[in-house]
Amino acid sequence: MNDIDRDLRERARVLRRGEQRADAGTRIDRRIFLHRSLWAGAAAGAASFGLFPLLNTIDMAFAQEGQSFRFAWISDTHLLPDDVNTRFVEKTIRAVQEVQAMDPSPDFLIFGGDLAQLGDPVELKLGKGILDELEIKKLFIPGEHDWYLDMGKTWVEMFGASPWKLDHKGVRLIGLDTVGQAPDYWSATNMSPQERMGHMATLDGSVAGAWAGLGDEQLKWLADAVADWPKDAPLVVFSHNPLYEYYPPWNFWVRDWRAVHEILAPFNRVTNLHGHTHQVLYNQFGKVRSIGMLATAWPWPYAPEGVPALTRCMVRANPGDHFDGVGWDKLAFAGEGVENEYVMWRPKEDAVFAQEPHDSGCADNINQRLHARVADRMWPY
Amino acid sequence: MRIQPFVNAGLRVLALAAAAGAVQFALAHGSKHTRAQLQAFEAAFMEQVRIGDLLFHGDPETEKQLGVSLSQTGMACAMCHPYGSDTHPYEFPKWQEQMGEFATLRDMINWCIEKPNQGTKIDGDSEAMKALEAYIYWSNRGSSLDPGRH
Ligand SMILES: [Fe+2]
Ligand SMILES: [Fe+2]
């Protein structure tokens with residue numbers, strides 16, 4: 001058995017502990033809502049498009065138990081200075097205006113990281129200026145693009161430190177920092193801050209490696225942060241990177257996901273909302289539901305090894321329309337759990353999920369094999 | 001990132017190998033190729049892959065050396081196509097919906113330079129185009145040919 005096999009087997013073993021199958025009669029729609037029966041365990045299914053176990057859409061009972069509220073997610077705006085790229089600015093402004101226009105107004109905005117493209121204070125200030133227009137409570141977690149020019153200094157000054165926790169209408173909200181704990185690849189070679197940031201900003205680069213993670217200290221913090229919380233009470237965990245192993249070479253994971261799972265395993269109502277993947281994504285591990293949020297800047301392709309079996313893939317984006325395949329997320333918490341609506345700026349509003357394999361960002365790529373790049377490796381390769 | 005001079009690097013490898021007396025040139029396919037020759041052929045190809053990789057990842061020095069400007073938005077190809085994903089070189093030529101015409105990979109490379117990147121279209125036979133093509137094919141090697149697929 002090679003390393004990859006061993007890893008895949010271990011992943012399967014850990015994730016499928018106490019496995020339960022999804023109810024075949026349920027379905028995922030533009031709005032994702034999971035029926036309570038599905039919280040009981042991770043669902044496993046065939047990865048193919050046709051066999052996707054569809055999950056239930058249920059109109060939200062808003063009056064339920066007085067515990068309902070709305071919130072919004074914006075992330076991955078990747079702002080460059082506005083004389084370099086006006087499109088990214090335009091899209092960030094559009095998202096902010098749409099959140100502002102939500103009626104009833106959301107309780108808060110969570111900004112999920114990658115506000116800037118190269119961590120430049122000019123970019124971060126530009127982003128802050130746009131977000132300041134939004135007159136609701138704002139919560140922040142950092143992305144790698146915000147961090148590695150000055151190791152988070154400007155970010156923390158402007159938006160505060162992570163991790164944090166906050167109780168809101170009976171829900172414990174937790175914001176993690178999954179980006180700031182990268183192993184040091186820069187000191188030994190005396191990299192400049194710009195070079196360090198450049199490697200971090202290259203999703204498919206080979207220098208920075210599979211850097212995402214919480215680190216020991218934050219794992220301890222997380223264990224403490226949930227220690228007093230009742231096992232049946234709702235927990236919503238925000239992270240920039242997904243909290244499971246989807247595709248490490250692009251940091252579609254956190255390296256210490258096993259430890260995160262151990263900490264969250266006793267809780268029955270956990271939802272993880274994450275950025276970084278810039279795509280429609282859904283998974284469950286243990287009892288944790290995980291939903292990938294949209295970027296405003298650009299969509300990433302699905303990982304070459306495939307997507308979680310529970311994901312219903314988004315449509316292929318049109319590269320001629322910079323508003324396609326991107327947007328923000330409208331969320332609601334209503335008694336039972338988190339409901340997500342992908343607000344994707346497509347001409348045809350309803351076509352977020354692909355209806356046919358040939359229009360799907362994952363099912364279309366059955367012939368595709370991909371290989372890591374070479375130019376940033378040491379010569380000779 | 002250090003960039004080595006690369007113009008005709010592959011040919012230089014061949015010439016060096018020949019000068020060292022290690023290789024007997026096989027000018028046609030009639031005679032057998034030595035291992036050293038095959039390595040030199042591969043090196044010539046990989047050098048183009050490396051250049052294409054740098055262009056695809058928006059390396060400004062490589063652009064300058066080749067006299068091209070692939071982007072005006074701060075975006076590089078790899079930002080939307082990590083590992084060359086979704087460039088589908090194995091599907092060309094095909095009817096390209098976005099262009100409304102029957103197109104080659106090179107046409108589509110140029111289309112993405114002009115549309116998402118707002119850059120300047122490059123000559124279909126230029127060094128830069130060949131290098132981009134080399135990188136895109138190389139990163140998609142092992143994919144099944146399926147010309148004409150949407
Ligand atoms: Fe991002
Ligand atoms: Fe990111």
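Partly exposed means a relative accessible area between the buried range (under 20%) and the exposed range (over 50%), computed with a 1.4 Å probe on the protein chains only. Keep that scale handy for this tour of the cysteines.

This is a predicted model, in which local features need pLDDT of at least 70 and side-chain atom pairs count only at pLDDT 80 or more, while totals for chains, interfaces and linings use all residues. Side-chain values use heavy atoms, without hydrogens and water, residues are numbered from 1 along each chain as its sequence is written, and chains are lettered from A and ligands numbered from 1 in the order in which they are written.

**Stop 1: the disulfide.** Select A:Cys313 and A:Cys362, whose sulfur atoms sit 2.0 Å apart and form a disulfide (a pair of cysteine sulfur atoms within 2.5 Å). Over all chains, the structure holds 1 disulfide. The torsion about this S-S bond of A:Cys313 and A:Cys362 is about 100 degrees, so the disulfide is right-handed.

A:Cys313 is in the loop between β10 (288-292) and β11 (327-334) of chain A, and A:Cys362 is in the segment after β12 (337-344), so the bond ties together parts 49 residues apart in sequence. Strands here are DSSP runs of E, at least two residues, numbered from the N terminus.

**Stop 2: chain B.** Select B:Cys77, which is in no disulfide; its nearest cysteine sulfur, in B:Cys112, is 7.4 Å away. B:Cys77 is buried, at 17% relative accessible area.

Finish at B:Cys80, where the closest cysteine sulfur, also in B:Cys112, is 7.7 Å off, too far for a bond. B:Cys80 is partly exposed, at 25%.

Terms used. Helices (H or I, at least four residues) and strands (E, at least two) are DSSP runs, numbered from the N terminus.
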